[in-house]
Amino acid sequence: MVAQLLSVSALTKSFGAVQALRGVSLDLGKGEIRAICGENGAGKSTLVKLLMGLYAPDSGTVSIDGAAVRIEGPQHAHRLGLALVAQELSLAPHLSVLDNIWLGSEDVPLFHRRGDLRRRAAEALEKLDAGFDLDEPVSRLKVGQRQLVEIARLLTRDSRILILDEPTATLSDVEIARLFSVLRSLRAEGRSVIYITHRLGEVFEICDSVTVLRNGEHISTNPVSAITRDALIGDMLGRSFAEIYPPKRPAEHEGVLTVDGLHIPGTVERLSFTAPRGKITALAGQIGSGATEVARAIAGLVHDATGTLSLGGRPVPLGSAHASRRAGIMFVSEDRAVDGLFHRNVLENLVASDVGRYTQSGLLSFPRMRAGAEKRAELVGVDKSRLAANAFDLSGGNQQKVLFGRVSGASEPGVLVMNEPTRGVDIGARADIYALMRDFCRQGYALLMTSSDLEEVVGMADIVITLYRGQMIGRYEGAAIDIAAILSDITHPVSPSERAA
Amino acid sequence: MSRQAFALNQLTAVAWLRLLFVAALAAAVALTPGFLSAPSLLTLLTTVSFVGCVAVGMTFITLSGNIMSFSLGATVAACAVTFVTVLNAAGVVAGIVAALAVGGLLSGVQGAIIGGLRANPIIVSIAALALIHGGLNFITGNATVNANPGAGHEILRGKLFGLPVEFLALLILVVVGQVILSRTTFGRHIYFVGSGVRAAEAVGLRVGRVVTGAYVCAGLFSAVAGVLLGLRYNQANMEYGIGYDYDAIAAILVGGTAIQGGHGSAIRTFAGVIFIATIQVLLLLHGFRQEWQYLIAGVIVLLVVMLQTAGRRRV
């Protein structure tokens, strides 16, 4: 048996009624790169936070070099040799690379010899073959280079176990190749890596072994040589579809939403597709695929988007939310706190998009506003006694219903664009929201949704369009919608040219 | 659940403190000889009116999420000078119209820059302050413009129903402001933009227009202050309106309008104006010297504002 550097056994963690981790165990050898895969909510980030001492486990142990440890917090984790490169990098953009490398280090006393720090930082950068200067301000570096700064920071602290959380989500191909060569050289030095990713291709390319988590449980651990891609996908999905999805009854209606040659600088190039009325069209893709940006662009919220957009043959100018709204395109945001809800009561939130409708002899009429809000609250199942409550005091599910309520009751059906329609919504309210979405379909709305939850995509969509880094990979309709095919498209696609061959 | 209950307790505590504050003020007023006499009350109501108009106007800016403007005082001066100049040339009605046009335009341009280009409102208003002041200095040569006797403005002086016209004008502005804010689509849109600019954009509101509108209102209301000053003093110069911006924002905050926008009203601002003025007169009548008046008034304003934010804080 190889010497185990890190050993986790029977780790359990609950948040209220939710069990985020249920007795997860895993062993990490010296010089091993271990992939951890799983869908959203599988428990990956909880595991990372436990290892970094951000949460304390309810039960279970973590041992390093065979000795059980209680990780008190991030600084303690660093001293134990654990280090995290998070999805959101933690760099100070206006400081130099050098300052960022030593930022927060306990090795730097108030009076220190800068020359020594400089030498050690330069060594780390050289090891990474970084190709930029120590005095460069971080704000001038590309994302991939910034990631290298973070890794250099970990090297100077002599971290033995690096945890990378979705490190390639925002990187270009060249940057990914660079990162992989860095990881290989770290492995050669005997350091170990925990590599959290959605991208199955990367698992087989860079990792030695792979652990699958699902619903907070450990499902399998295999050397990558001993598992196939399909088996991995099977392990990740595993569960049968819950009964929360209403039956699909796509309705036939005239008129489609047509997107032609949509271009969003840096994200999407020349994307074309249609979304018919009476059906739910889903854009499936990971972070960086451009799916959410496409949805925002159609809602008029991306100012530099170009291309043509039309609804039932009538052109809709891009880049103006007002124009999209007038054409009947309504938007339900994935980020309710930022561009969803107003810091006002539920009543006003429900009528915010068309408050001008509730007038009497030129002035707004509060009784009419109330009546309009009550009608919408009833439509979407928000308790009418809560109309006076601040919208931010509602549960996630009710907040989402308010957003759906706001776009309901239009004089004629239009388009409903939704990013992550059930993010932060508990399971009961999810079923309600799915039923609402079907209801919109029945009325003749065209629904366009994005979701990182593939089960939801398959459960809800009549048409699925898969995206990988700004390009459309496949289109599936009706019975052809297959979760394995979609997962394969959005993780490691065959390039479109290969497909044609 | 428990957090909500806690917030509720806190809110009632703040409400009690607020009540206590007003009661203490009322007692002080009642126990101060001379306060409730006609002359000092009338002086109070008149002096309060000029800043009051600006404060009600600035409430639009604050509610729209743009904190405050530093250029409304200068706008008052520009409007006062415009009013007196045009009054001499073309009569009182033309004077009022010209002053309103100048006020609406000066402020509206800033609103278009702030709302349309998402420029920082503080910086734009400071730049505007310099430009307005410089322009006014250039045009008037820092001289005082005097109204010609018999220009027709004298009929707008004095009292109506026993109240000074300045105060009546303020009351009208408060009512007009309140109606615009709470009973028109435009007013509701100001609240929406102020309580979530990105959400407002996402539901298709034209944020640039709403913000521009709010600044136009602020300019028009400040122009009224300029006209009132010109009427009262029969003249106008660049020194008018200096310090009004600070007094106005103090009144807005004391009234309980949120500095981050989206919550508050014209009536609240009116209450704030009266509150601060009352304290100032009280201090004056009790023989505090000017510097003590400023100090004590400042401390009280600070306390009240702290009380307001304590009642509203959310985590």
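Helices (H or I, at least four residues) and strands (E, at least two) are DSSP runs, numbered from the N terminus. By that count, chain A has 18 helices and 22 strands.

This is a predicted model, in which local features need pLDDT of at least 70, side-chain atom pairs count only at pLDDT 80 or more, and totals for chains, interfaces and linings use all residues. Residues are numbered from 1 along each chain as its sequence is written, while chains are lettered from A and ligands numbered from 1 in the order in which they are written.

**Chain A overall**

A compact globule of 501 residues would have a radius of gyration near 23 Å, and chain A agrees, with 25 Å. That radius is taken over C-alpha atoms; the rule is 2.2 Å times the number of residues to the power 0.38. Of the 501 residues, 46% count as buried, meaning that 20 or more other C-beta atoms, placed from the backbone, lie within 10 Å of the residue's own.

**One sheet in chain A**

Strands pair if DSSP finds at least two bridges between them. An open sheet of four strands in chain A runs S12-S11-S14-S15, with antiparallel pairing. Its edge strands, S12 and S15 of chain A, each pair on one side only.

| Strand of chain A | Residues |
|---|---|
| S12(A) | 268–276 |
| S15(A) | 314–315 |
| S14(A) | 306–311 |

S14(A) and S15(A) pair over two bridges. Ser310(A) has Pro315(A) as its bridge partner in S15(A).

**Where the chains touch**

In the interface, 17 residues of chain B are in contact with 21 residues of chain A. Contact means C-beta atoms, placed from the backbone, within 7 Å.

Methods
Buried ≥ 20, exposed ≤ 12 C-beta atoms within 10 Å, placed from the backbone. Contact = placed C-beta atoms within 7 Å.
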